[in-house]
Amino acid sequence: MIHAPKLIPIFLVGQILVKTNPIRNIMYALKMMHFPKSLIISLAIGIRYFPSLREEKILISDAIKIRGVTGFKRYN
């Protein structure tokens with residue numbers, strides 16, 4: 001079983017990699033390391049939607065604050 005503390009360094013390295021390199025370069029590097037094409041495409045699509053998911057979370061959180069909705073736990 002994999003525990004969350006063991007995954008934190010992986011997520012941090014991934015975040016740095018994505019912020020400092022264009023997706024095209026990451027895809028090319030994975031291709032040169034002979035990763036399966038289906039995995040490369042899946043990763044590229046997933047990475048592309050992280051910023052929009054973050055933006056949606058912020059918008060939903062703001063809407064909850066404006067409407068004064070209570071009873072929900074918010075993890076900010």
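**Exercise 1.** Which residues lie nearest the centre of the largest pocket?

*Solution.* Start with the ground rules. This is a predicted model, where local features need pLDDT of at least 70, side-chain atom pairs count only at pLDDT 80 or more, and totals for chains, interfaces and linings use all residues. Residues are numbered from 1 along each chain as its sequence is written, and side-chain values use heavy atoms, without hydrogens and water.

Step 1. Define the pocket: on a 1 Å grid over the protein atoms alone, an open set of points where a 1.4 Å probe fits, with protein on both sides within 12 Å along at least five of seven lines. Lining residues have an atom within 4 Å of a point.

Step 2. Read the lining. It holds 17 residues, and Gly 14, Gln 15, Val 18, Ile 47 and Phe 50 lie nearest the centre.

Step 3. Assign elements. Helix 1 (4-20), helix 2 (23-32) and helix 3 (37-67) each give two or more residues; helices are DSSP runs (H or I, at least four residues). Helix 1 gives the largest share, eight residues.

**Exercise 2.** How do helix 2 and helix 3 pack?

*Solution.* Step 1. Take the geometry. The angle is about 160°, and the axes, lines fitted to C-alpha atoms over the stretch in contact, lie 10 Å apart.

Step 2. Classify. The two helices are therefore roughly antiparallel (over 145 degrees).

Step 3. List the contact (heavy atoms within 4.5 Å). Helix 2 uses Ile 23, Met 27, Leu 30 and Lys 31; helix 3 uses Ile 40, Leu 43, Ala 44 and Ile 47.

Conventions
Axes fitted to C-alpha atoms, helices over the stretch in contact; angles between N-to-C directions. Parallel < 35°, antiparallel > 145°, perpendicular 65-115°, else oblique.
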